[in-house]
Amino acid sequence: MTSLEKAVFAAKTLDEKKAFQIEVISVKGISDITDYFVIANGSVNTHVHSLADELEVKMREKGIQPLHIEGYASGNWVLLDYTDVIVHIFTPETREFYDLGRLWNDGERIKVDFEETEEKGEA
């Protein structure tokens, strides 16, 4: 799976679990730490936890393990590091405070078609 496919898969997984304000930002060439950021909101701490849990399960089913996970205990912001894709899941207030979208404004926004569904049996 390419880093773009991984980022889109993460975004769609979060969308299926009712995350909102999902963004995929390509930071290739402007960041040495990763290729893509996926940024999403959960409504409250428990929703942020359930989004992180679901994403971790779905990625593991694809054979993709996180390098590390940060912030799970607080629940305001969970970071899942998949090396070439870093996923940030926020409560709305925490996302507004850190405003990563603005910080990575030079990155290319990747359009994700959330209406498109994967055929059964395809990877």
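In this predicted model, L14 counts as buried because its relative accessibility is 0%, where the cut-off for burial is under 20%. L14 is part of helix α1, and, leaving aside residues up to four places away in sequence, it touches A19, I22, V38, A40, L51, L55, V87 and I89. The C-alpha atom of L14 is separated by 15 Å from that of Y82, a residue 68 places away along the chain.

Two of the residues touched by L14, L51 and L55, also belong to the contact between α1 and α2, in which K6, F9, A10, T13 and L14 of α1 meet L51, E54, L55, K58 and M59 of α2. The residues of this contact divide into 6 nonpolar, 1 polar and 3 charged. The geometry of the pair is listed here.

| Feature of the α1 and α2 pair | Value |
|---|---|
| Packing angle | about 135° |
| Separation of the axes | 9 Å |

At an angle of about 135°, α1 and α2 are therefore oblique to each other, and α1 passes α2 in a right-handed crossing.

Helix α2 itself covers residues 45–61, and its 17 residues reach 25 Å from the first C-alpha to the last, close to the expected 24 Å. Within α2, the buried residues are H47, V48, H49, L51, A52, L55, E56 and M59, and what covers them includes α1, β2, β3, β4 and β5. After α2 comes G63, with a positive phi near 85°.

Notes:
Residues numbered from 1 in each chain as written. Predicted model: local features only at pLDDT ≥ 70, side-chain atom pairs only at ≥ 80, totals over all residues. Heavy atoms only, no water. Helix = DSSP H or I, 4+ residues; strand = E, 2+ residues; numbered from the N terminus. Expected span 1.5 Å × (residues − 1). Buried < 20%, exposed > 50% of the residue type's maximum accessible area, 1.4 Å probe, protein only. Contact = heavy atoms within 4.5 Å. Axes fitted to C-alpha atoms, helices over the stretch in contact; angles between N-to-C directions. Parallel < 35°, antiparallel > 145°, perpendicular 65-115°, else oblique. Left-handed = near helix turned anticlockwise from the far one by under 90°. Nonpolar A, V, L, I, M, F, W, Y, C, P; charged D, E, K, R; others polar.
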